[in-house]
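Before reading on, please look over the sequence and turn the model through a few views. The paragraphs below move from the overall fold to individual positions.

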Amino acid sequence: MLPQKKSFIAGRIASLKYAFVGFKKLATTEHSIISQLIGLFIVSCAGFYFKISATEWMIQTLAFFLVLSIEGLNTAVEKIADFIHPEFHKKIGEIKDIAAGAVTFAALGTLIILTIIYLPKFNIF
Ligand SMILES: Nc1ncnc2c1ncn2[C@@H]1O[C@H](COP(=O)(O)OP(=O)(O)OP(=O)(O)O)[C@@H](O)[C@H]1O
């Protein structure tokens, strides 16, 4: 059964509560999200080590949170697909591949950003 319609304030507070439940679930149970959080921790250490600028911090952090957000949506798509059609189906496979492809776009962008930030710090050219 759907929840009862709430007042504006009560509705916003309830939405925040549900969003935090989802956030906690993603961050503690989904391996793809956990591995990206570890990646965020590693690049944050690199950021402190190489003393990157405020602009570089903002772009690096935004890029990682973009990947995390899209990965979260990808997880939701996978769960919907498994719920509505738990058996093997070509169309379900295609839907899951497309959702994973969306994560790949963001991940590629993040890889390019990290290369632009950190490659010059290594003085190898
Ligand atoms: N029910 C299905 N029918 C057809 N193909 C499927 C089905 N489930 C998964 N696949 C194929 O297997 C791939 C991986 O699916 P899965 O649900 O395991 O995602 P995953 O990215 O490995 O999961 P996670 O995000 O948990 O690591 C899909 O992209 C799809 O190609």
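What follows is a walk through the chain, its ligand shell and its annotated residues.

This is a predicted model, in which local features need pLDDT of at least 70 and side-chain atom pairs count only at pLDDT 80 or more, while totals for chains, interfaces and linings use all residues. Residues are numbered from 1 along each chain as its sequence is written.

The protein chain holds four helices and zero strands, helices (H or I, at least four residues) and strands (E, at least two) being DSSP runs numbered from the N terminus. Read along the sequence, the pattern is α-α-α-α. The radius of gyration of the protein chain is 19 Å, well over the 14 Å that the globule rule gives for 125 residues, so the chain is more spread out than a compact globule; here the radius is taken over C-alpha atoms, and the rule is 2.2 Å times the number of residues to the power 0.38. Along the principal axes, the C-alpha atoms of the protein chain fill a box of roughly 60 × 45 × 20 Å.

Of the 125 residues in the protein chain, 11% are buried, where a residue is called buried if 20 or more other C-beta atoms lie within 10 Å of its own, exposed if 12 or fewer, and partly exposed in between, with C-beta atoms placed from the backbone. Among contacts between residues at least 6 apart in sequence, 69% join residues at least 24 apart; two residues are in contact if their C-beta atoms, placed from the backbone, lie within 7 Å.

Which residues surround the ligand? The shell consists of Ser32, Thr75, Glu78, Phe88, His89, Ile92, Gly93, Lys96, Asp97 and Ala100, a residue being near a molecule if its C-beta atom, placed from the backbone, lies within 6 Å of it. Helix H3 (54-84) and helix H4 (90-118) each supply at least two residues of this shell, and H4 gives the most, with five residues.

At 1.5 Å a residue, its 29 residues should span 42 Å, and its end C-alpha atoms are 41 Å apart, which agrees; the expected span is 1.5 Å times one less than the number of residues. Val103, Thr110 and Ile117 are buried in H4, and the buried residues of this helix pack against H3.

The unreviewed UniProt entry carries a "binding site" annotation that covers Glu30 and Glu78. They span 49 residues in sequence, yet no two of their C-alpha atoms are more than 11.7 Å apart, so they gather at one spot. Such annotations may be inferred rather than shown by experiment, and feature names are shortened and positions given in the numbering used here. Glu30 lies in the loop between helix H1 (8-29) and helix H2 (31-49) and is partly exposed, with 18 other C-beta atoms within 10 Å. Glu78, found in helix H3, also counts as partly exposed, with 17 C-beta neighbours inside 10 Å. Leaving aside neighbours within four places in sequence, Glu78 is in contact with Lys96 and Ala99.

The "active site" annotation of the unreviewed UniProt entry covers Glu71, which is placed in helix H3. With 22 C-beta neighbours inside 10 Å, Glu71 counts as buried. Not counting residues up to four places away in sequence, Glu71 touches Ser32, Ile33, Gln36 and Val103.
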